[in-house]
Structures are given as C-alpha cells and as structure tokens.
Amino acid sequence: MVQAALPATAGSLNAAQVAQFDREGYLIVEGFFDDSDLDPVIAEIEAEVDARARDLVAKGKLSKPYANYGFKKRLALISRETDEVAKSIWNGTLCGPAFFNLIRNPKLLDIAESFCGPEIIASSVYRLRPKIPKHPYGAVPWHQDSGYMEAYCDKALVLTVWLPLVDATQENGCMWVIPRAHKTGQVVKHGSRPGKPYLVIPDSDLPRHEPVCVPVKKGGALFLHNLTPHASFNNDTEIVRWSMDLRYQSAALPTNAKISRLPGEDLPTRDEAVPISCYPPEADFLVRSRARPGEVVTAATEFQRLRREHKGKGVKPRWGLV
Ligand SMILES: O=C(O)CCC(=O)C(=O)O
C-alpha cells in the first residue's frame with residue numbers, strides 16, 4: 001500500500017498549495033469555511049453544553065449554568081468547578097446533524113477526493129477539542145496520527161483536517177507541526193504514560209526539523225499528513241480553544257465501513273468478527289463514491305446509529321510504555 005502521487009491541484013487548492021502540502025506535510029488555508037459551515041456546529045455544541053450544565057446544576061454538581069457567557073467563555077467557567085462537561089465531549093461522542101454535515105462538507109470532500117481518490121471513507125476518528133484554560137488534557141504531546149492507527153495503514157495518506165471554531169493562537173494553544181518529517185515515510189516510535197490519555201514521541205526520537213507554530217483563524221483549516229508530527233501546548237488565556245479534527249482516507253484501505261469491495265481494494269478481513277480498519281474502535285462510513293453511490297451514508301440518523309452500534313476493538317498495541 002503506497003501513497004499515490006498528489007495531484008497538481010486539489011478541490012479549491014491551487015498547485016502551490018498542493019506542492020506545499022506535499023513538501024512540508026501540512027497546509028494552512030485561511031477563510032476556507034464560511035460562517036454558514038461552522039455556525040450550525042457551534043449551535044449544536046452550545047445546546048449540548050447548555051443541557052449538560054443544567055443537568056449538573058440540577059444534580060448539585062455545578063453552582064449555576066453560566067448561561068450568558070457565550071461560546072468562548074462558558075465552558076471555561078464551568079470547568080473551574082467541574083471538568084465533567086469538557087471531558088465528556090472531548091472525544092467523538094457528539095454526532096449531531098451539524099457535525100455530520102461538516103464531515104461531508106462538499107468543499108472538504110473535493111479536497112479529500114483529490115488527495116485520497118474518488119471513493120472516500122470518512123474516518124471514524126473525528127474529535128471535538130475544547131482546550132480548557134490550564135486543564136491537564138489541554139496539551140497534546142508530539143505525535144503522528146499514524147501513531148494511533150493500525151500499522152497496515154502507515155504507508156497510505158489519511159488526511160487530517162484540523163479546524164478551529166475560535167481563532168487559534170499561540171497563547172490559547174494552537175497547533176505546532178514538524179515540517180518535512182513525513183517525507184521519511186516512517187512512523188516514529190510512540191510511547192504512552194500511565195494515566196495520560198495521549199501517545200507521545202519521546203524527545204530523543206523527534207525528527208530534527210525545527211517545529212513551526214501554526215496559528216489558524218476561525219474559518220481556516222489546517223491540512224495534515226498522517227506522518228506529520230504535531231502537538232499543541234497549554235491554553236494560557238481565559239477562553240476555550242475550540243477545534244475539531246476530521247479525517248479522510250481511500251475506501252481501498254482497510255475499513256470497518258460495511259461497503260461492497262471493488263476489484264483491487266483490501267478485503268474486509270475479519271478478526272473475531274470485527275472488520276479491521278485504520279482505526280478500529282470507532283465506525284467509519286462511506287462519505288463520497290461514484291462506484292457505489294447507494295452505499296454512501298447520507299442521513300445523520302444513520303451516522304449516529306453506526307457510531308452507537310459499532311462494536312470496535314482497540315488498536316493493536318504497537319508501542320511499549322516509555
Ligand atoms: O487540537 C489539538 O490540540 C490537537 C489535535 C491533534 O493532535 C490531532 O488532530 O491529531
């Protein structure tokens with residue numbers, strides 16, 4: 001499984017942008033999303049935070065709902081009393097219609113198609129990240145996304161789209177990347193630490209290139225190669241650095257999406273009746289296809305059902321503790 005050469009242009013990306021992604025392993029595109037792309041997602045998050053805050057108040061775990069503090073500050077203030085709300089939405093549990101629509105945003109899919117081909121799997125791994133000021137979950141240590149995935153996907157492009165829902169700055173903990181490191185084609189050894197939620201590349205194994213800080217304004221997008229080491233550090237402001245990260249891959253790779261297979265695609269090998277995929281614990285789905293359009297998931301309710309009912313197994317442990 002070897003990554004195909006990148007196209008000259010990709011969706012709305014011009015040749016220079018594709019060349020930058022290819023050479024550096026990352027690309028920032030400011031103004032990629034309109035408010036109409038992001039506002040429904042923010043509204044869905046706000047409704048969720050509101051419901052959870054009111055529930056905690058009713059249970060006596062929170063003094064007040066902090067209802068009038070707005071998207072940027074509300075969860076920061078709630079989290080001074082309890083991090084229950086933040087922790088519970090840190091992973092892929094929110095999957096409302098607006099999230100689903102963002103994942104299948106046609107502008108994103110045009111770029112994913114150019115990079116990953118016309119048969120596109122929306123990878124199960126999408127994350128909403130409320131980076132709370134001074135919260136220990138906030139800093140994400142150096143890693144390659146492939147460090148979290150099954151080794152059989154190491155050589156393929158799994159495109160990450162990282163998008164802030166507020167302006168992401170160095171002060172509030174924007175992303176950092178190590179450029180050009182993806183060119184080695186290697187996944188560096190990652191470790192994990194007891195009690196810590198993230199994998200980490202030990203300093204001694206970090207590629208030598210100088211890290212680059214990549215602030216991105218709301219509406220912008222950061223495209224990342226799965227072999228590009230990246231990290232984000234503390235949020236030293238008073239606001240929440242809200243962001244999402246989405247991933248796309250070719251349907252020719254192993255996937256747990258229940259799709260028919262085209263000639264030349266990987267068979268959905270089964271291990272204990274669980275289809276393998278680049279990231280088995282969560283449910284992939286077919287998000288764009290010309291060859292099997294009837295298998296594309298087009299309803300948010302189906303997306304929710306898939307995520308709810310997916311019986312995943314963990315990624316095979318490939319790294320020892322450091
Ligand atoms: O949003 C962050 O701070 C970290 C994101 C990240 O590590 C990722 O998208 O893989």
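Domain bounds here come from an automatic or database domain assignment. The model is predicted.

**View 1. Two domains in one chain.** Domain 1 covers 19-34 + 92-309, and domain 2 covers 38-88. Taken over C-alpha atoms, the centres of domain 1 and domain 2 are separated by 25 Å. Domain 1 brings 19 residues to the contact. Domain 2 brings 16 residues.

**View 2. The side of domain 1 that touches domain 2.** Two elements, α5 (97-103) and β3 (127-131), each supply at least two residues here. The most comes from α5, with four residues. By class, this side of domain 1 has 13 nonpolar, five polar and one charged residues.

**View 3. The shell around the ligand.** R129, K131, V140, D145 and T160 are among the residues around the ligand. W162, H230, S232, S243 and D245 also belong to this group. Two or more residues each come from β3, β5 (159-164), β11 (230-232) and β12 (241-250). The shell divides into four charged, four polar and two nonpolar residues.

**View 4. An open sheet of four strands.** The strand order is β4-β11-β6-β9, with antiparallel pairing. The edges are β4 (140-143) and β9 (212-214). Each has a single partner strand, so one side of each is left without a neighbour in the sheet. On average, neighbouring strands are turned by 25° against each other, direction ignored.

**View 5. Pairing of β4 with β11.** These strands pair in the antiparallel sense over two bridges. H143 has H230 in β11 as its bridge partner.

Key. Residues are numbered from 1 along each chain as its sequence is written. This is a predicted model: local features need pLDDT of at least 70, side-chain atom pairs count only at pLDDT 80 or more; totals for chains, interfaces and linings use all residues. Two residues are in contact if their C-beta atoms, placed from the backbone, lie within 7 Å. Ala, Val, Leu, Ile, Met, Phe, Trp, Tyr, Cys and Pro count as nonpolar, Asp, Glu, Lys and Arg as charged, and the others, Gly among them, as polar. A residue is near a molecule or strand if its C-beta atom, placed from the backbone, lies within 6 Å of it. Two strands pair if DSSP finds at least two bridges between them. Axes are lines fitted to C-alpha atoms, for helices over the stretch in contact, and angles run from 0 to 180 degrees between N-to-C directions.
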